[in-house]
Amino acid sequence: MGCNGLNGDSDKKSLNLYKLLATQTHMSSAKQPTYLRGAPKSRLSRYNGWLPARPEVYREFVHRHRQIGKDRRRAAAEHAPVIQKFSDTIRADPEMSALIDEVFIQAAKPPGLETLDNFEELLYAMDALVYAPPKYVLAKDESGNVIGEPVGVPMFFLFDLLSNTAAGYNLFHRPAFNVILKEVFDEWGCYLTTTDSNKSLNETDEGWFGPAALASLEEGRGDFNSTWICPDPTAPNRGFQSWDAFFTRQPQENARPVQAADDKSLIHNACESTTFNISYNVKKNDQFWLKTQAYSLHNMLNKDDNYADKFVGGTVYQAFLSPQDYHRWHAPVDGTIIDTVLVPGTYYGVLFDAGAEEGDPDLKPGDPHGAIIRSQAYLTTTAARALIYIQADNPDIGLMCFIGIGMGEVSTCEVTVKKGDRVKTGNEIGMFHFGGSSHAMIFGPQAKLTFADVVQVDQHHLVNSILAQATEA
């Protein structure tokens with residue numbers, strides 16, 4: 001941040017292993033091989049930490065920050081310097097100034113939900129976030145019972161409905177807008193490395209180690225103290241000196257083992273994440289429409305046709321991370337780092353839509369929230385991202401590309417490998433800082449992949465677990 005190919009008996013062994021993998025959902029855990037145990041039993045929410053499962057939490061968060069904004073505005077309080085610069089930059093540009101005002105006119109106003117009414121309210125709400133860590137938010141349900149959920153991407157809550165507008169689409173794709181917004185995120189990111197930022201890392205009701213928040217961190221991921229390296233496991237903050245240190249925590253030895261490490265035909269999960277999509281026979285160029293998000297290699301790979309041409313006709317696997325997930329990236333195969341590229345891009349430039357579609361597992365049809373999650377395939381071509389090209393040792397896999405995709409305020413993609421490095425499956429290759437995010441893996445047409453039965457849309461998978469197997473063409 002700124003502040004070997006297989007043959008003969010080996011091939012048969014690999015195929016038999018995959019057959020076990022592909023049927024693991026039908027086997028009792030007692031009968032599963034050791035490396036297959038712990039397969040996920042249930043999916044997490046599709047919006048998985050980006051939107052609370054309980055709308056009361058969303059309403060409470062917006063209400064609090066709208067009230068903070070109103071109070072500060074009445075008091076004529078000065079904006080934080082970086083927020084004032086953000087405001088000045090937009091107001092100095094007539095087109096951006098007109099668009100930001102139009103965004104608030106077009107933004108949906110769902111019944112029963114307070115919304116930010118104008119740019120000034122947004123600025124004052126941002127003031128309250130840029131020097132504060134994400135935290136667990138308590139609210140009351142309609143019966144007066146106290147409920148709560150973690151809000152790991154607080155800036156996104158402010159921009160969620162604003163981004164799902166035609167004016168937002170035009171504004172949030174402008175380079176000048178994203179340059180100045182990145183300055184806001186960089187300031188917040190620097191704050192999150194300070195000791196003051198660990199003030200939400202405690203065991204209070206709204207702390208990340210309070211009973212309810214801790215349960216959300218452990219759901220489907222294991223006991224926190226037994227899974228992650230904690231500088232002081234007995235301390236209320238587990239010894240993490242900053243929010244960033246907590247967010248980029250590392251697993252304990254053997255907590256996230258590489259499953260079936262000896263089989264080099266297997267593709268392992270690069271990020272602890274929830275499957276979003278698998279697409280085959282991807283094209284070099286494609287177009288995005290409101291209802292269709294085909295992958296376009298030319299755009300995904302920063303318009304570098306030397307690389308894009310190598311993946312035409314191949315496969316894209318995409319999954320996303322919640323704020324509760326582990327945010328370091330691991331090599332999905334053994335191989336050599338061929339190249340790394342950091343691509344600047346948008347942060348809230350989503351495809352505006354008519355809301356959740358029929359069959360959405362979490363939202364009612366037409367609900368305008370969460371367009372960023374529904375736009376993930378599109379974000380592979382527009383969002384700030386990191387590209388890591390790996391030449392796999394196994395020729396049946398060949399050249400592949402990992403893409404770490406910044407979503408919303410997750411504006412820092414840190415690559416920790418360099419060209420020429422050798423990596424083994426499970427080695428760290430990079431990380432996200434603060435928030436939630438998405439990632440994709442691209443395989444060329446030479447990789448004939450068969451995905452495991454458990455790899456389904458909306459299903460959560462641990463890092464280093466088995467996703468697929470490449471077989472000889």
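**Entry 1: strands 8 and 9**

I looked up the pairing of strand 8 (residues 385-392) with strand 9 and found it antiparallel, over seven bridges. For the terms, I took helices (H or I, at least four residues) and strands (E, at least two) as DSSP runs, numbered from the N terminus, and I counted two strands as paired if DSSP finds at least two bridges between them. I worked on a predicted model, in which local features need pLDDT of at least 70 and side-chain atom pairs count only at pLDDT 80 or more, while totals for chains, interfaces and linings use all residues. Residues are numbered from 1 along each chain as its sequence is written, and side-chain values use heavy atoms, with hydrogens and water left out.

Within this pair, I noted that Ile388 stands opposite Phe402 in strand 9. The hairpin of strand 8 and strand 9 has six residues between the strands, and Gly398 takes a positive phi near 70° there.

I then checked burial along strand 9 (residues 399-406) and found eight of its eight residues buried (buried means under 20% relative accessible area, exposed over 50%, partly exposed in between; 1.4 Å probe, protein chains only). On one side I listed Leu399, Cys401, Ile403 and Ile405, and on the other Met400, Phe402, Gly404 and Gly406, so that both faces are covered.

Strand 9 is also joined to strand 13 (residues 437-443) by seven bridges, and these two run antiparallel. Here Gly406 stands opposite Ser437.

I traced an open sheet of eight strands in the order 11-7-8-9-13-5-4-15, with antiparallel pairing. Strand 11 (422-423) and strand 15 (460-461) stand at the edges; each has a single partner strand, so one side of each is left without a neighbour in the sheet.

I followed strand 4 (residues 273-280), which pairs with strand 5 (residues 315-321) in the antiparallel sense over six bridges. Thr275 lies in strand 4, and its bridge partner in strand 5 is Ala319. Thr275 counts as buried because its relative accessibility is 1%. Leaving aside neighbours within four places in sequence, I recorded contacts of Thr275 (heavy atoms within 4.5 Å) with residues including Tyr317, Ala319, Val457 and His461.

His461 has its place in strand 15 and is buried, at a relative accessible area of 2%. A polar atom of the His461 side chain lies 3.3 Å from the backbone oxygen of Val454.

**Entry 2: Thr89**

I located Thr89 in helix 3 (residues 81-91). Thr89 is partly exposed, with a relative accessible area of 27%. Its side chain reaches the backbone oxygen of Lys85 at 2.8 Å. Leaving aside neighbours within four places in sequence, I found Thr89 in contact with Met96 and Ile180. The C-alpha atoms of Thr89 and Phe177 are separated by 8.2 Å, although the two are 88 residues apart along the chain.

**Entry 3: helices 2 and 5**

I looked up the packing of helix 2 (residues 55-74) with helix 5 (residues 119-130): the angle is about 105° and the axes are 8 Å apart. Axes are lines fitted to C-alpha atoms, for helices over the stretch in contact, and angles run from 0 to 180 degrees between N-to-C directions. Helix 2 is therefore roughly perpendicular to helix 5 (under 35 degrees is roughly parallel, over 145 roughly antiparallel, 65 to 115 roughly perpendicular, the rest oblique). Among the residues making the contact are Phe61, His65 and Arg73 of helix 2 and Glu120, Tyr124 and Leu129 of helix 5.

Key: A polar contact is a pair of N or O atoms within 3.5 Å; within protein, one must be able to donate a hydrogen and the other to accept it, and residues adjacent in sequence count only if both atoms are side-chain atoms.
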